[in-house]
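My notes are in the order in which I looked things up.

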Amino acid sequence: MTSTAASCLSSSVASTTRFATAAGGHSAARRRHASSPAAAATATATAPGGGSGSPSRWGQLVSPRRALARSPPLGEHDEETDYGGASRRGGSAAAAAAATDMDADARARLGANVTSSGCAFAVWAPHAEGISAVLLSGDDKMATAPESSLTRVPMSRGEGADAANWRCEIPLVAAGARYYFEVTMPGGHSFSRRDPWARHTEFDSDVAHVVDPATDFKWTATDWVRPAFDELIVYQLHVGTFTGRNDPQTAAAGVQPGSFMAVRVKLDYIASMGFNAIQLLPHTEFSGLWGYNPRLMHSVHGRYGTPKEFAAFVDAAHDRGIAVIVDLALHHGAAKENSLWEWDGWSEADNGVGGIYFEGSGVTNWGTMFAFWKQEVRHYLLEAPMTWLGEYQCDGVRVDSAHSMPADFVNDVSSEIRRRFPNRFIVGEHTPEGVRALHNLNLHSLWLHSATEDAPSLSRGWNGDLGRLESLVTLRPGYYANHQCVKYYLGSHDQCGKRPGHTHDLGHWVSRFGGRERWRARALARMWWAVMTVGQGVPMIFMGTETHQDGHWHTEMHTSMDWGLLPAGGAEMDVTGTESTPPLTGGAAYGREGVAAFAAANHVRRSHRALSFGTARVLHRDAAQGILAIERYHAETNERLICIINAGDGQWDAAGPYHVFVGEQWPEAEGFVEVYNSQSVPFGGWVGSGNAELGVVQQLFDHLPVALPKVGVIIMKQVNAAAASAAAAAAAAAAATDAAAAASAKTSAPRVAPEGIGADAAAKYTAVPPAVAVKAAVAVKAKAAAAAAAAAAAATTDAADAAADAAADAAPKSPEAPAMEEVEPIAEYSYEYSNSEVSVVVEAPPPPAPAQAQAASTSTSSTGTSSTDEAVDALAAKYASLYAAIAKGRAEKKKSEQPAVAAPAPVDDPPPPPAPPPPPLPLVA
């Protein structure tokens, strides 16, 4: 402290009775606050901030605009613009009034709170004989600081309802000042203590730093808009182990691994995958390893960084469209290095359980429970989430082990968050996870633990339990909104982590199914993430799952997030997984494929409101094969998706498609296009596993024929004519891009076929060199895109003709203009369908022999025409005849239903309206 400050301090102490230690009156207070839980009702109902419980004396958080008044007065020529854009002058009456109001609030709160003239210190210590605030000069260490560098300021005990609190205000003390509290017990014994309400602490000592959020934190993401709860896609990470292992990007950034600033370096990686929320494991000051042994509730973990750095991390996340959810363990204190243990020196005489913060409580499996029967303790804990949501602008709170706390307390926390911060997400961990807990505790959402057992049980070979699969996709009874449950089938920290001595921890997902080298383990990870993104609920993964990291997670370097599983340690990686140079093999390829699959699924969810806000209805059940089809529908946008999950090992290609019941065709629908396939080639799947090359797939009455891969998920989007034309144009552009890539592709070693795709498919996969395969696929896409574009043009012409001649509406479509199909060569197609509407039987010509089909991908005819082109032409003609026959059958049936000679309608009888589209489909629990 400077000599000027010390002189001012001495003068202030000498002239202000608040700095004198109060004599008398504290013995009664000590007896009152040492009472049993039964006496709690008669002890005191006021907040430790004093007063009768009014919001200002309970430490209610202050808006950033009003908090500006807390900073020192501006000089004559200084000017500052507040958050609303208004200029604040130090001498203005408004600023003076705000400063007075904020000073009163700061002086009523506990902890160290900056005022317009200094800093107000306050602490709850009912059994102390005396308390002093001790200031340290410069960077002196507490243990070695000379007495001359310490400034002790006695604190005075409050009066009446405030008698258990000690207070003082020290002039000219500002943000950054270092301090601790010195407690004196009856008999003269003294010892140091941390400030329980400190925002910034030095991990290995009792020293804390004064923090002023109004001036310390700089917020730049002014256009940040929090995602709606239903839109959240969550990435869970542990700050201490997310960075540093095989991590050249963090090293190049020059920041300390395992810190807030290191995670900030990785925000672009998280954002590029489409995650719009991060859930941190506990970041408050803790002992132990994972964070669930809190030492203090309002201070950042010193080994992760400073309050300024945490605020900068939150601001940077917001700038990238990412919400930050913090995880708070409010039910117990740290088992070791507990900063609140016997804080004022007193402990229960009979068993010595913890002192004022733990008096009369119990013991949990993780540490001693807080004394929830005491109003002062409840207030301390309740204000913790308010600190992180208010001062640090975080976007949500996870309440750890809510079942370990009194239900009324959890409800109080949730209700207060809803009152002060109505747009912040409150998710609870509660066992059991029934919907009753969601409502009784006033939470927005619950973690679904049981699903982490259900998904693995369905992954060890299909067992016929279609009801369990359905429960993983739709909401359970009693839930009514997507956001009301958080689903993490691939595991959270609890499943992916392994603590020393524990035997039930499972490890990362792929490690439970043979490791990341096993194709099936990776395919299952892709499938279950797709199930989460297409289903109802908030999807979440734990760090490393997206790279197919195996083993288990813990806080050692070799169990941390492994950036070596990604190309260049994840820096500037193309998350689409489509780059062809340089070719990747082994671990890096697996990591890139995983990231690409997760990113694509996230993109589909975020770009289709039906998946976040829409209803869900089961349309198709096939218990024998393990296939479930879910319709997601969003009424406001009339968006309809058919999400088909194949949890079994059967597979169907375009030559012999699987037929999914989708109901009667909608009048405006042109067909369906595939928008996601978890077994696409960039994700680790195989060519022909899905329907992308087919373009618009036509519905055949109430069924949709689709290629369906094993252990996979495909999403088919219903499109109208305009969307189909746009899809054709996009396919043509994609084909051009593929052509350019194929031109530069180089022949390399034979490819290794994915596991379990069948002998025929594997033989075709491995027999064709990569460059030839790419060129063949490009040829198919280009031909199909051209056919689709021609179909779109023909459809437009037909529409114009129909407007001029109503009779044209009943005419069948031209075989030369099939309805928007993008196709690849398939062996044969035979389909027979009969219902009350129309009967159609179409037989395709026999396919070429297998040897001829295989040669078609590598040979060219004597006339220079690719056999792939010929196959596409044949297939297009075949599909054209099929769709023309269907259209003709419908037209003939429509014509047969009309009277031979239409009688003129009466003048006063208008024609009947057109049939309405199918009604919105109801939610299926």
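**Entry 1: ground rules.** I am working with a predicted model, in which local features need pLDDT of at least 70 and side-chain atom pairs count only at pLDDT 80 or more, while totals for chains, interfaces and linings use all residues. Residues are numbered from 1 along each chain as its sequence is written, and side-chain values use heavy atoms, with hydrogens and water left out.

**Entry 2: the whole chain.** I looked up the elements and found 24 helices and 29 strands in the protein chain. Helices (H or I, at least four residues) and strands (E, at least two) are DSSP runs, numbered from the N terminus. Of the 925 residues, 54% are buried. Buried means under 20% relative accessible area, exposed over 50%, and partly exposed in between, with a 1.4 Å probe and protein chains only. The chain exposes about 36,800 Å², and 55% of that comes from carbon and sulfur atoms. These areas come from the Shrake-Rupley method with a 1.4 Å probe; for residues, only the protein chains shown count as cover. I then looked at contacts, meaning heavy atoms within 4.5 Å. Among contacts with a separation of 6 or more, 71% are between residues 24 or more positions apart.

Entry 3: How many strands form the closed barrel? I traced eight, in the order 13-14-15-16-17-18-19-20, with parallel pairing. Two strands pair if DSSP finds at least two bridges between them. From one strand to the next, the twist averages 30°. Strand 13 (residues 234–237) and strand 20 (residues 538–542) run parallel and are joined by three bridges. Angles run from 0 to 180 degrees between N-to-C directions, and axes are lines fitted to C-alpha atoms, for helices over the stretch in contact. Helix 11 lies across strand 15 (323–328) and strand 16 (396–399), and runs at about 160° to strand 15.

**Entry 4: a helix pair.** Two packed helices are described by the angle between their axes and the distance between the axes. For helix 11 (residues 375–391) and helix 12 (residues 407–420) I wrote down an angle of about 35° and axes 10 Å apart. On the helix 11 side, the residues that meet helix 12 include Leu381, Leu382 and Met386. On the helix 12 side, Phe409, Val413 and Ile417 are among them. By class, this contact has eight nonpolar, no polar and six charged residues. Ala, Val, Leu, Ile, Met, Phe, Trp, Tyr, Cys and Pro count as nonpolar, Asp, Glu, Lys and Arg as charged, and the others, Gly among them, as polar.

Entry 5: Strands of a sheet pair through backbone hydrogen bonds, either parallel or antiparallel. Strand 21 (residues 615–622) runs antiparallel to strand 22, with seven bridges. Ala616 has Arg632 in strand 22 as its bridge partner. In the hairpin of strand 21 and strand 22, with four residues between the strands, Gly626 takes a positive phi near 80°. Strand 22 also runs antiparallel to strand 23, with eight bridges, and Ile627 stands opposite Asn646. The hairpin of strand 22 and strand 23 has four residues between the strands, and Asn638 takes a positive phi near 55°. Strand 23 pairs with strand 27 (residues 712–719) in the antiparallel sense over six bridges, and Cys643 has Ile715 as its bridge partner.

**Entry 6: cover.** Is Ile630 buried or exposed? Ile630, in strand 22 (residues 627–634), counts as buried because its relative accessibility is 1%. Not counting residues up to four places away in sequence, Ile630 touches several residues, including Val473, Thr474 and Val618. In strand 23 (residues 639–646), eight of its eight residues are buried. One side holds Glu639, Leu641, Cys643 and Ile645, and the other holds Arg640, Ile642, Ile644 and Asn646.

Entry 7: Strand 4 (residues 118–124) and strand 8 (residues 165–171) pair over seven bridges, and Cys119 has Ile170 in strand 8 as its bridge partner.
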